[in-house]
Amino acid sequence: MILAELLALKRSDDAGLAAQLTQQLRALMASGRIRSGAMLPSSRSLAAELDVARNTVTHAYEQLVAEGYLRVAARRRPVVTDDIEARFAKALPAPRRDAARKPLLSPWALQLSDTDWPLSYQADFRPLRPGLADAREFPHEIWARCLRRSALRRRFNDQTVVNRPSLREALRDYLEVSRGVRAEADQILVLPTAQAALTLIAATTIVAGDAVWTEDPGYPGAAAAFRAAGANVVGVSLDQWGMMRTRATRAPKLIFTTPSHQHPTGRVMPVARRTELLASAEPGKTWIVEDDYDGEFHYDSRPMPALQGLDREGRVLYLGTFAKAMTADIRIGYLVVPPSLARTMEIAQRHLGLIASVHVQEALAGFMADGYFLAHVRRMRRIYRARRDHLAAALARQLGEVLTAEVPPGGMQLIARFKDGRADRDAVTRLVVAGVEVRALSSLALERPRDHGLLLGFAAWRENEIGAAVRIMANCLTGKRTARGQRDARTISE
């Protein structure tokens, strides 16, 4: 059979004639249609048969020679290499039964399916999902102008500076005034997310087998990052002031805490407890990670200064995020590190690829410098406080016989505990089906759950949405069905 009859080149194909010819010849040899030792036509002859330029055939032959499919000698036509069948026999796909084998994964990856972080269920975006800011109240047009201005400045195309000085300086000034953080601008790292900051901390401070203490219940993302680095994560119980003192004889490598607004309980750690925590961390041996995830939102009094501001030995790494103060899709996080770690962690940041968009960093710097950030935070502080109070009042009025709400002094969510001690996960499942998305307090425990209750978000939801959600909760948890509650369920699910 003439080789040209086995080929079908399309001049309209974007791949180009030479690439098509190379691919088709390769496929014919791989399938056995052209066997080892077969002599192919000369480039001139095949070009004439295909009605293409000779260079097209020459390029295809040269590529196949380079890949080992053909061999050539001076003034001779190309010949298919002798071992072509054996080569492709080794490359045959594995039997179907092998395809069902489980992939080889790390011990950490094998445990991921056993965790409930992120949430195992993926409900629609519904009240009262906790931990979210209200994107509807964000000044999107102003933010768009900041982004456009940043993108049009050509000098920001320098990608070598991964932590933009303008944002570092804006953050330094803001954190010093609002949170009492003491740092120079070069101690501030800007990262794609707060979770990326935890990953960076784990990669640079933890050796496999190191002990890490975290609050229990606490933020699951922290435990996930530290376990990925091979740490032995130990949950430390809470009292009314947050993380309790422990009588452990040996200090851990790292302590993770949320002292200004404990996640998820909202408890505030007093100065005396903070001082004790700092004293328990030996400089250079134990690091403290302070997660101030929603430090902008305190309603009943001025926020307590950050733990980092009390540290005089360089033991505290301070973590924050714009996702709570602005919107969830602006996922920029930042990390204030001790001077002794600044250089190493910035290099590690590059090696791990934990680099935030230059344009978004410059836009954030402008957003802060022009006063828009503080103006937005002040406005949302008033709105969120009113929503917190509205949710607490609605729970007391309609679910007071079932739940006890703990009203936090700040934050974006609150806990409501069951008075009868019932299992919270079953209740969460029923509420999600009914159209209200909440979180089980027991799912945030590192060890065996001691507390059962519901974590309810109020920041992202307007008062009419909060009221409708609480009525649905009352229907589900008390068994008292109302026509209005049924209408609320239909409205939320639409």
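A residue is called buried when its relative accessible area is under 20%, exposed when over 50%, and partly exposed in between (1.4 Å probe, protein chains only). The structure is a predicted model, in which local features need pLDDT of at least 70 and side-chain atom pairs count only at pLDDT 80 or more, while totals for chains, interfaces and linings use all residues. Residues are numbered from 1 along each chain as its sequence is written, and side-chain values use heavy atoms, with hydrogens and water left out.

Helices (H or I, at least four residues) and strands (E, at least two) are DSSP runs numbered from the N terminus. Strand β13, which spans residues 413-418, is covered on both faces, with Gln413, Ile415 and Arg417 buried on one side and Leu414, Ala416 and Phe418 buried on the other. Strands are taken to pair if DSSP finds at least two bridges between them. Strand β12 (residues 403-406) runs antiparallel to β13 and is joined to it by four bridges, with Ala405 standing opposite Ala416. Six residues lie between β12 and β13 in the hairpin that they form, and Gly411 in its turn has a positive phi of about 95°. Strand β15 (residues 453-457) is also antiparallel to β13, through five bridges, and in β15 Gly453 is the bridge partner of Arg417.

A nonpolar core is a set of buried Ala, Val, Leu, Ile, Met, Phe, Trp, Tyr and Cys residues joined through side-chain atoms within 4.5 Å. The largest such core has 68 residues, and those with the most contacts inside it are Phe322 and Met473. Helix α15 (residues 372-399) gives the most to this core, contributing nine residues.
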